[in-house]
Amino acid sequence: MASSLTPPPGLTVRPATLDDAAAVCALLNEIDLLEIGRADTDLSEVQADLKHPEADLEHDSWLMYDAGRLIAYGLLWDESGGERIDMDHYVLPGRLPGALHLYDLMEARAVQRAAANGAARAVIHLHLNTAPTMDLDALRRRGWRTVRRYNVLTRALSTATDRPPAPPPGVTLRPCRTETDRRCAHALLQETFAGHFDFQPRTYAQWLDDIDADRADWSLIWIARVAGLGDAAVLRTHDARASMAWIAHLGVLERARGQGLGSHLLRHAFGHYAKLGRRLIGLGVDTDNSSGALALYERHGMVLDFAVDTWELVRPT
């Protein structure tokens, strides 16, 4: 499909800047309300995206306006250094011509980025709610297809039932308060998630940027040590969302599985956040995860909140 560089009549497009974070956050929360029934985007998340050292806002971000009203936002990034390019695309409903123009711009830029990496093709990934504001038939006509589904699960918390659990024999937990522990958490995350769909290896420095380390609460990231095995599991959580506490990653080394570590870390998070006064906790899980993570979470009372599909477009460079 040929790309058009001219916006539809009445629409304007420009790159984003860090000063646009509040306006972008407001747009994303407006879309959240339509898609999941609540405003769930925190300003710090948007700021972290826009100030990421790898973000080339001048060339890889887009704000679309209609008579001064922000109606769409796009961001593109390249973690693979190869053919895989990721993008976020948000648009208000009923704005299909503008949405498609933004796809024109973003797809063309993704192909440029992959070509600059020396790749023969661009494999572009995009995450969308299963009932999004975007017209999915229009997306399919562009050649996009779904390749994965992620469930967002939630669970109510209560101090009466969610007390910090006693660890299994030989297991100790510690928060990542030292530089050594932070490097250990990074190494565990890289190893435990290496076989997962969409995993992209990240150096320690890149990971610190990804999690906005300057604002991270390291007391909410724990390492599990197992007697005879050493450091064998990691739990990364954060408390930045207004609606709920969030489990970002829970990883157990393959050699340590089958000992109840995943269940212990999950119940530890439940107990910790219940004690902090949180009444809800959530996480995202790949429904095709071969480690049995979805079944683990469901056994511990987590239920479906909403689902997100990974869409893929492949273009030659």
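The model is predicted, so local features require pLDDT of at least 70 and side-chain atom pairs count only at pLDDT 80 or more, while totals for chains, interfaces and linings use all residues. Residues are numbered from 1 along each chain as its sequence is written, and side-chain values use heavy atoms, with hydrogens and water left out.

## Helices H1 and H2

Helices (H or I, at least four residues) and strands (E, at least two) are DSSP runs, numbered from the N terminus. Two packed helices are described by the angle between their axes and the distance between the axes. Helix H1 covers residues 21–36 and helix H2 covers residues 43–51; they pack at an angle of about 125°, and their axes are 9 Å apart. That angle makes H1 oblique to H2. Axes here are lines fitted to C-alpha atoms, for helices over the stretch in contact, and angles run from 0 to 180 degrees between N-to-C directions. Angles under 35 degrees count as roughly parallel, over 145 as roughly antiparallel, 65 to 115 as roughly perpendicular, and the rest as oblique.

The crossing of H1 and H2 is right-handed. The near helix is turned clockwise from the far one in a right-handed crossing, and anticlockwise by less than a right angle in a left-handed one.

On the H1 side, the contact is made by Ala21, Ala22, Val24, Cys25 and Leu28, which meet Leu43, Val46, Gln47 and Leu50 in H2. Contact means heavy atoms within 4.5 Å. The residues of this contact divide into 8 nonpolar, 1 polar and no charged. In this division Ala, Val, Leu, Ile, Met, Phe, Trp, Tyr, Cys and Pro count as nonpolar, Asp, Glu, Lys and Arg as charged, and the others, Gly among them, as polar.

## Aromatic pairs

A pair of aromatic rings is described by the distance of the centres and the angle of the planes. The whole structure holds 4 aromatic pairs. Rings of Phe, Tyr and Trp (its six-membered ring) pair if their centres lie within 6.5 Å; planes under 30 degrees apart count as stacked, over 60 as edge-to-face and the rest as tilted.

Tyr73 and Tyr90 form a stacked pair, with ring centres 6.2 Å apart and planes at 15°. This pair links distant parts of the chain, since Tyr73 is in strand S3 (residues 69–77) and Tyr90 is in strand S4 (residues 84–91), 17 residues apart. Tyr204 and Trp207 form a tilted pair, with ring centres 6.2 Å apart and planes at 35°. Both residues are in helix H7 (residues 204–210), and being 3 residues apart there, they are separated by about one helical turn. Ring pairs also link Tyr204, Trp207 and Trp218 into a cluster.

Buried means under 20% relative accessible area, exposed over 50%, and partly exposed in between (1.4 Å probe, protein chains only).

| Residue | Relative accessible area | Class |
|---|---|---|
| Tyr73 | 3% | buried |
| Tyr90 | 27% | partly exposed |
| Tyr204 | 10% | buried |
| Trp207 | 6% | buried |

## Positive phi

Ala67, a residue other than glycine, has a positive phi near 50°. Ala67 sits in the loop between strand S2 (61–66) and S3, and at 77% relative accessibility it counts as exposed. Asp198 is not a glycine either, and its phi is positive at about 70°. The loop between helix H6 (179–192) and H7 holds Asp198.

## Single residues

Glu30 lies in helix H1 and is partly exposed, with a relative accessible area of 29%. Leaving aside neighbours within four places in sequence, Glu30 is in contact with Arg69 and Leu92. The C-alpha atoms of Glu30 and Asp40 are 9.4 Å apart, for 10 residues along the chain.

Thr17 is placed in the loop between strand S1 (11–14) and H1, and is partly exposed at a relative accessible area of 37%. Not counting residues up to four places away in sequence, Thr17 touches Leu50 and Leu57.

Ala233, in strand S9 (residues 230–238), is buried, with a relative accessible area of 0%. Beyond its neighbours within four places in sequence, the contacts of Ala233 include Leu188, Trp222, Gly251 and Leu265. From Ala233 to Ala99 the C-alpha distance is 42 Å, at 134 residues apart in sequence.
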